[in-house]
2 protein chains.
Amino acid sequence: MTAEGARPQRGRPRDPATDRAILDAALELFVEKGADGASMQAIAARAGVGKLTVYRRWSSKEELIAQAIESTRGDLAAQPVDDTAATVTELVEQVVPAAAAAITRPGFRAVLAQMLGSAQTHPRIMEACWEHYILPQREAAADLLARAVEEGTVEAGADFDALIDMMVGAVIYRVLQPVPLDAAEAERYLRSVYRQAGLLPAAPGRG
Amino acid sequence: MTAEGARPQRGRPRDPATDRAILDAALELFVEKGADGASMQAIAARAGVGKLTVYRRWSSKEELIAQAIESTRGDLAAQPVDDTAATVTELVEQVVPAAAAAITRPGFRAVLAQMLGSAQTHPRIMEACWEHYILPQREAAADLLARAVEEGTVEAGADFDALIDMMVGAVIYRVLQPVPLDAAEAERYLRSVYRQAGLLPAAPGRG
DNA sequence: TATGTTTACGGTACCGATCCGTTAATGAAT
DNA sequence: ATTCATTAACGGATCGGTACCGTAAACATA
């Protein structure tokens, strides 16, 4: 939609820094005020740019915000995991601190809430959020479950989809609750969920 | 906020049907367009009422929508349960069809999504939704878990809060997913979740 | 019964603010 | 000189909220 396609090389070229400034501003305002509350002129103003400069690049707000979301890494997907870890338990313990930090970030709850709010009225935005913030969580959980089945800590007959929903859903649901979560609580909470799902040993031995 | 408190008894009394019409219109528009998209004049128009008639009763849109939400039974809390049921399994089987019907209603997803979207920008609305749509689910789940512990199907040491989050969270998360759910799938899904939590026997014998 | 007072009601108009999308003028790079 | 990016300004629309009008419904008093 940035119309990058067949733009001729004549005349004054567009400033790539302007693209980024607009995308950043759009994401910030979306997180702060939602898709409806973020106006095009507010986005332009925060980007330090004229309104037409935005309209030349994106024809609709929905598309702009969706691309702004897509231009970010989802924070949870970006955890480098040491694949040589032997057991699922080790793998989980390796992931928990970073995951706890990610879900505790104030912005995480904000993006999640605004995204879900967009579901009804802005499907395109919902779609972008889902792909970049939710699916990575699902995939990580699915990997862990697959390993756990190999190890025998999770029974092979279990309903995988439901189990993933329970893990991811619990985290999302907990994050959205009015009572916030600090980093230490988040770690404890994540371990509790993993344990209940069979990805950590039942013994509450650590901590 | 309806200022019902010290209103003198002289003059023409307010029409209670008008209150209901406004609340219904507000809820409908909130579900359709969200808290920002629902304008006061649209609410008044749909209620077949002058704008002032709305402002006479509610001083702000946030308060009106919050009360509109509070004026609805949460659909899930209203299931009469036969407390004489012997086992948790019977209890769950008794609840599943109604719960499946409730979470499959198109309005359920809409309210949920709009509510969560309001979390960031309209705390008062979030609060009302939480109390009327989420807490009943939690309490029902907690009751079932308590029974299950007595029966021994759920280990006493389990993290109740996390387990409830997983059950409620899974349902919410599943309902919000782009792919909708029909009644039969919802029943199967609910059983899967209950089973994974230990509230139904592992054998997939029924159905 | 008849009259007056009080409040609710629907409808219209208005205010300042904000939004969107476009147009006109200016500036930069070729 | 040409071509495009950019900013500033504009017009139409809508928002939340208020003010006013004429009317309808309940009360009080006579």
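This is a predicted model: local features need pLDDT of at least 70, side-chain atom pairs count only at pLDDT 80 or more; totals for chains, interfaces and linings use all residues.
**DNA strand C**

A residue is near a strand if one of its heavy atoms lies within 4 Å of it. Sugar and phosphate make up 70% of the atoms of DNA strand C that come within 4 Å of the protein.

Local features need pLDDT of at least 70, side-chain atom pairs count only at pLDDT 80 or more, and totals for chains, interfaces and linings use all residues; side-chain values use heavy atoms, without hydrogens and water. Residues are numbered from 1 along each chain as its sequence is written, while chains are lettered from A and ligands numbered from 1 in the order in which they are written.

| Residue | Protein atom | Distance to a phosphate oxygen of DNA strand C |
|---|---|---|
| Lys61(A) | side-chain N or O | 3.2 Å |
| Asp15(B) | backbone N or O | 2.9 Å |
| Arg57(B) | polar side-chain atom | 2.6 Å |

The elements giving two or more residues to the surface near DNA strand C are helix 2 (40–47) and helix 3 (51–57) of chain A, and helix 3 (51–57) of chain B. Helices are DSSP runs of H or I with at least four residues, numbered from the N terminus.

A rotation of 180° with 0.0 Å of shift along its axis superposes chain B on chain A, with an RMSD of 0.2 Å. The copies are therefore related as by a two-fold rotation axis. In chain B, the C-alpha of Gly117(B) is nearest the axis, 1.6 Å from it.

In helix 8 of chain A, 15 of its 17 residues are buried (under 20% relative accessible area; exposed is over 50%, partly exposed in between; 1.4 Å probe, protein chains only). Asp159(A) caps its N-terminal end: a side-chain oxygen lies 3.2 Å from the backbone nitrogen of Asp161(A).

Glu131(A) sits in helix 7 (residues 123–151) of chain A. Glu131(A) counts as partly exposed because its relative accessibility is 46%. Its C-alpha is 8.4 Å from that of Glu70(A), 61 residues apart along the chain.

Conventions. A polar contact is a pair of N or O atoms within 3.5 Å; within protein, one must be able to donate a hydrogen and the other to accept it, and residues adjacent in sequence count only if both atoms are side-chain atoms. Copies are superposed by least squares on the C-alpha atoms of residues with pLDDT of at least 70 in both.
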